[in-house]
Amino acid sequence: MNPTPPSSTPDHAGTPLDRAPLDRTVATIRRLWAATGVVSLLALVVTAVLSVVAPAETNWVMWLRGIVITVACFAFARYAGALSRGSRAAYVRMRLVATLAPIGVVLLVAAPDDGYPGWMKGEQAVLGALVAVVAVLLWRRATRAAFPHGERTGRAA
């Protein structure tokens, strides 16, 4: 007997037939976090090169932020696996970070003198844009519906 094709009505929300769109969204989110990690890692490489060829052009803030952001981005790429398992806690945490991080980036880029050179502000703007896309994906109605409030499914990572 042939299985019934997936319906576009909400009556089938949460069934295995409806997982494909969520799985694609989670895969995209994972790739976006990985991309932010790669961009941040490249900024660390530039910082390392500058610290050798023009040490006056670098400071401890660049190193600290670069390392923390790189680790966090790759951690969130891995943490996206908890979304795949249906963890509402992971969803809420990631949505919070993805929503607030671009706001912080705008403040950092707009600050007149914060210890960051122009190229690093540009790198941060790219990171902020990528994370803003993650936020948009997490706030979409279909994504929110996959993690209903009050349910504790999956395991938090």
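## Fold and helix packing

Buried residues, meaning those under 20% relative accessible area with a 1.4 Å probe and protein chains only, make up 33% of the 157 residues in the protein. This is a predicted model, in which local features need pLDDT of at least 70, side-chain atom pairs count only at pLDDT 80 or more, and totals for chains, interfaces and linings use all residues. Residues are numbered from 1 along each chain as its sequence is written, and side-chain values use heavy atoms, with hydrogens and water left out.

The protein contains five helices and zero strands, where helices are DSSP runs of H or I with at least four residues and strands are runs of E with at least two, numbered from the N terminus. With contact defined as heavy atoms within 4.5 Å, 73% of the contacts between residues at least 6 apart in sequence join residues at least 24 apart.

| Item | Value |
|---|---|
| Angle between helix 1 (residues 19-53) and helix 4 (residues 118-139) | about 170 degrees |
| Distance between the axes of helix 1 and helix 4 | 10 Å |

Helix 1 and helix 4 are therefore roughly antiparallel to each other, a term for angles over 145 degrees. Their contact involves 18 nonpolar residues, five polar and one charged.

Val126 is found in helix 4 and is partly exposed, with a relative accessible area of 40%, a class lying between the buried limit and the exposed one of over 50%. The C-alpha atoms of Val126 and Ser40 are separated by 9.5 Å, although these residues are 86 residues apart along the chain.

Terms used
Axes fitted to C-alpha atoms, helices over the stretch in contact; angles between N-to-C directions. Parallel < 35°, antiparallel > 145°, perpendicular 65-115°, else oblique. Nonpolar A, V, L, I, M, F, W, Y, C, P; charged D, E, K, R; others polar.
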